[in-house]
Amino acid sequence: MTQQSNSETPAGSRDGTEARGETEATQIAFVCVQNAGRSQMAYAFGQREIENRGLDGEVEVITGGTRPAEHVHDEVVRAMDAIDVDVAGRTPREITFEETQGSDYVITMGCSADDVCPAGWAGENRDWDLDDPDGKPAEEVATIRDEIEARVSELFGEIQRRV
């Protein structure tokens, strides 16, 4: 299983302390309100895409929320575990102004980006308008997970053609 932890800065991710321009890497921020479901899945799939496509150092991913929950939703942990991706050790966190300012793409999961993208920001925002998996039955969470996986793969294909 792929293990992810907030205490480490995994390959292909940035902790938000680098100012824009200090790196050539394309940065993607996966953002949600609670950072406990959709954005955690997108982040995990993003890390996998970086590894599988050999994009370490070229693409970086971060994740966070505007009002983070205390833990990743249990149904999300189970859905990801079903495909051998371990997000149980992840802790939802707040996305910072500096992180969004330093991102080339801010991908929101179905929540408004108004609280996320700073004024004058030159990056690209996409809202994927996905259902919230919190409290949903396993089959619905799996459908949401699979949609996120497909969208992350498509995004990385697009970015890879540019880098």
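In this predicted model, an open sheet is built from 4 strands, arranged in the order β3-β2-β5-β6 with parallel pairing. The edge positions belong to β3 (59–65) and β6 (124–127); each has a single partner strand, so one side of each lacks a neighbour in the sheet. From one strand to the next, the twist averages 20°.

**Strand pairing and helix packing**

Strand β2 (residues 26–32) runs parallel to strand β5 (residues 105–108), and 4 bridges join the two. Within this pairing, I28 has Y105 of β5 as its bridge partner. Two helices that pack on the sheet are α1 (residues 38–53) and α4 (residues 138–162). Their contacts and directions are set out below.

| Helix | Strands touched | Angle between directions |
|---|---|---|
| α1 (residues 38–53) | β2 and β3 | about 170° with β3 |
| α4 (residues 138–162) | β2, β3, β5 and β6 | about 160° with β2 |

β2 also pairs with β3 in the parallel sense, over 7 bridges. One of the residue pairs here is A29 with its bridge partner I62 in β3. Together, β2, α1 and β3 make a β-α-β unit that is right-handed.

**Nonpolar cores**

The largest nonpolar core contains 29 residues, of which I28 and F30 touch the most other members. Two or more residues of this core come from each of β2, α1, β3, α2 (74–81), β5 and α4. When neighbours within four places in sequence are left aside, the contacts of I28 comprise V59, E60, V61, I62, Y105, I107, L155, F156 and I159. Another core, of 5 residues, lies apart from the largest one and includes A29, I62, I95 and V106.

Conventions:
Residues numbered from 1 in each chain as written. Predicted model: local features only at pLDDT ≥ 70, side-chain atom pairs only at ≥ 80, totals over all residues. Heavy atoms only, no water. Pairing = 2+ DSSP bridges. Axes fitted to C-alpha atoms, helices over the stretch in contact; angles between N-to-C directions. Contact = heavy atoms within 4.5 Å. Right-handed = clockwise from strand over helix to strand, strands pointing away. Core = buried A, V, L, I, M, F, W, Y, C linked by side-chain atoms within 4.5 Å. Buried < 20%, exposed > 50% of the residue type's maximum accessible area, 1.4 Å probe, protein only.
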